[in-house]
Amino acid sequence: MDDLDIVVIGAGAAGMSLVRCLVARPGPFGVTPTVALVQPVAASAATERTWCYWDTCQGALDRTVSAGWDRLRVRDADSRSVTGRLPGMRYKMIRSVDFEAHVARELAAVPQVRRIGATVEEVRQHATGAHVLARDADGDPVRLRARWVFDSRPPRRLPPARTTLLQHFRGWFVRTERDTFDPSTADLMDFRTPQPRRGVSFGYVLPLSRREALVEYTEFSSRPSTTREYESVLSHYTEQVLRLGVFTVLRAEQGVIPMTDAVFDRRAGPSMFRIGTAGGATRPATGYTFATIQRQSVDIARSYRAGRTPLPPSPHRARHLAMDAIMLRALASGRVDGVEFFTRLFRRNAFDRVIRFLDGRSRLGEDLALGLSTPILPMLRCALEVPLLARNHEDGDR
Ligand SMILES: Cc1cc2nc3c(=O)[nH]c(=O)nc-3n(C[C@H](O)[C@H](O)[C@H](O)COP(=O)(O)OP(=O)(O)OC[C@H]3O[C@@H](n4cnc5c(N)ncnc54)[C@H](O)[C@@H]3O)c2cc1C
């Protein structure tokens, strides 16, 4: 059995980000930790995606960024728009393949890091660390022992919650025949889409050049659509709403992100921690995860270097989680109209205040102002109701 300082399970956003932070500088006593990054062979194609996040203009991951926007726009159902920017910040896009290739190059230069192609089956605590039991592509057992284990495997079942909605989407990378897009402005939410009975839907347009863009249809509701349903609504949106004219679909991206007020345990045992989506890094109200993963990775590595227990810090402020729980309840119960809710939020507040809230960096006074700009009575009713609700699994079991 191999003895290591650290095992990281899963080479997605959280696993890759954490390993690069852990080995960026020497650990306790000036020694770079020995790290194994365990990932099933040929898993990355299945998880190919793009990550967007807010970052300072000059960010740590800029070499992997494929596009960025200073200006963001929200459009209501009547095409009236609010446009704003976040001073000193940019909204950036990273393709997972570029990120993986960049991190793989960085890690190849660090002899203390081993990449292991295996599927983890079990993690067990022992007296001074944890055992990781896995199988390689031939089905042969792989056993590792480490002082600390960070696990980013997605949970088989979400923890019990009071409200769970799904953020589900399909996007097309399109190329048009004529100049159509304004590459300086991204459309964060365009509500000129058919609305579900409960929840909300919107278009999301990220221009990559005058003729190329990622055009996405996103819905917050209780069940994902079929590919055929997404395709039909995307056809309508691109042809009738955006009027793209003749265009080619170069590639599609589809996904589901749970939006839940479930409580995720970051600690699975004295030496075992959960990171990424598995550790609750996904913000319930937005689905944004990537920026939180970066912040947590830096903090974990700092704790490790200082010789402290490297428990991942709380991914979100308690106040933001409470506000998100109320918003999810309001949307899921149908007490607020989703389009009205979001357009009002952007219209009645400074754009950068809303963005800072969505990115988890708004202050108490700003959060109060945001709360007061939402439909007060239904939100108050949800705020009073939420603490009284039981947390259930999605399938109804406690
Ligand atoms: C299509 C899509 C687009 C998204 N876009 C954004 C966005 O724009 N901005 C944003 O902030 N968030 C976004 N998210 C949400 C979130 O950032 C991503 O899901 C992100 O990839 C989560 O990182 P993670 O490391 O927690 O999980 P993942 O990236 O899914 O990584 C988990 C890893 O665990 C591995 N694994 C699974 N089982 C095992 C096993 N048994 N043994 C070993 N390894 C295993 C998987 O192969 C995978 O590599 C998006 C999500 C999706 C699905």
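Is Ser 297 buried or exposed? I looked this up first, bearing in mind that the model is predicted. Ser 297 comes out buried, at a relative accessible area of 3%; the cut-off for buried is under 20%.

Next I checked where Ser 297 sits. I found it in helix 4, which runs over residues 290-305. Its side chain reaches the backbone oxygen of Ile 293, at 2.7 Å. Leaving out residues up to four places away in sequence, I got contacts from Ser 297 to Ala 14, Ser 17, Leu 18 and Cys 21.

Then I turned to cavities. I get 2 of them at 30 Å³ or more.

The largest cavity holds about 40 Å³ of space. Ser 297 is in its lining, along with Ala 14, Leu 18, Ile 275, Gly 276, Ile 293, Gln 296 and Ile 300. Helix 4 gives the largest share of that lining, 4 residues, and helix 1 (13-22) also supplies at least two. I sorted this lining by class: 5 nonpolar, 3 polar and no charged residues.

Last, the second largest cavity, with a volume of about 30 Å³. I noted its lining as Val 74, Arg 75, Asp 76, Arg 80, Val 82, Thr 343, Phe 346 and Arg 347. Helix 6 provides the largest share here, 3 residues, while strand 5 (71-75) supplies at least two.

Key. Residues are numbered from 1 along each chain as its sequence is written. This is a predicted model: local features need pLDDT of at least 70, side-chain atom pairs count only at pLDDT 80 or more; totals for chains, interfaces and linings use all residues. Side-chain values use heavy atoms; hydrogens and water are left out. Buried means under 20% relative accessible area, exposed over 50%, partly exposed in between (1.4 Å probe, protein chains only). A polar contact is a pair of N or O atoms within 3.5 Å; within protein, one must be able to donate a hydrogen and the other to accept it, and residues adjacent in sequence count only if both atoms are side-chain atoms. Contact means heavy atoms within 4.5 Å. On a 1 Å grid over the protein atoms alone, a cavity is a set of points where a 1.4 Å probe fits but cannot get out, and a pocket is an open set with protein on both sides within 12 Å along at least five of seven lines; lining residues have an atom within 4 Å of a point. Grid points are joined across faces, edges and corners, and a volume is the space filled by probe spheres set on the points. Ala, Val, Leu, Ile, Met, Phe, Trp, Tyr, Cys and Pro count as nonpolar, Asp, Glu, Lys and Arg as charged, and the others, Gly among them, as polar.
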